[in-house]
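This report describes the fold of a single chain, from its overall dimensions to its sheet and helix contacts.

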Amino acid sequence: MERRRDKIESSLKKKGFELQDTKKMNRDHRMYHLMHDNKPTGIWTKISTGKKYRSYKDNLLNQMKAQLKLDTREQLCALIDCGLDEPSYKKILREKKILRP
């Protein structure tokens with residue numbers, strides 16, 4: 001399984017993630033934080049920006065799955081491919097008691 005970096009970033013933005021201020025970051029990564037009620041939740045993921053990371057393969061997707069607090073690769077693919085919308089993603093996090101209602 002492989003997913004394009006630009007598709008991942010686009011999907012994260014649609015799911016309530018915000019890009020951290022780029023002035024505070026290094027040039028090799030972009031950090032996205034999940035926002036809830038206009039506040040950061042502590043859920044984040046790091047996107048590598050190097051040329052060899054234009055597509056994410058299994059190892060990076062597994063790391064991202066853990067960072068996003070998802071249980072299965074199917075959930076991650078649904079999040080990236082827009083089969084899982086923001087309310088549904090946040091419902092998963094609430095059921096796991098990671099996110100408050």
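## Overall dimensions

A residue counts as buried under 20% relative accessible area, as exposed over 50%, and as partly exposed in between, with a 1.4 Å probe and protein chains only. By that criterion, 38% of the 101 residues of the protein chain are buried. This is a predicted model, in which local features need pLDDT of at least 70 and side-chain atom pairs count only at pLDDT 80 or more, while totals for chains, interfaces and linings use all residues. Residues are numbered from 1 along each chain as its sequence is written, and side-chain values use heavy atoms, with hydrogens and water left out.

The radius of gyration is taken over C-alpha atoms, and the globule rule is 2.2 Å times the number of residues to the power 0.38. A compact globule of 101 residues would have a value near 13 Å; the protein chain has 13 Å, so the two agree. Along the principal axes, the C-alpha atoms fill a box of roughly 40 × 30 × 20 Å.

## Secondary structure

The protein chain has 4 helices and 5 strands, taken as DSSP runs numbered from the N terminus (helices H or I, at least four residues; strands E, at least two). Their order from the N terminus is β-α-β-β-β-β-α-α-α.

## The sheet

Strands pair if DSSP finds at least two bridges between them. An open sheet of 3 strands has the order 2-3-4, with antiparallel pairing. Strand 2 and strand 4 are the edge strands, each pairing on one side only. Neighbouring strands are turned by 30° against each other on average, direction ignored.

Strand 2 (residues 17-19) pairs with strand 3 (residues 29-36) over 3 bridges, and Glu18 stands opposite His33. Strand 3 is joined to strand 4 (residues 39-48) by 7 bridges. Here His29 has Ser48 as its bridge partner, and Met35 stands opposite Pro40. The hairpin of strand 3 and strand 4 has 2 residues between the strands, and Asp37 in the turn has a positive phi of about 55°.

## Helix packing

Axes are lines fitted to C-alpha atoms, for helices over the stretch in contact, and angles run from 0 to 180 degrees between N-to-C directions. Contact means heavy atoms within 4.5 Å. Helix 4 (residues 86-95) lies across strand 2, strand 3 and strand 4, at about 75° to strand 3.

The axes of helix 2 (residues 58-67) and helix 3 (residues 73-80) come within 10 Å and cross at roughly 90°. Helix 2 is therefore roughly perpendicular to helix 3 (65 to 115 degrees; under 35 is roughly parallel, over 145 roughly antiparallel, the rest oblique). Asp58, Leu61, Asn62, Met64 and Lys65 of helix 2 make the contact with Arg73, Leu76 and Ile80 of helix 3.
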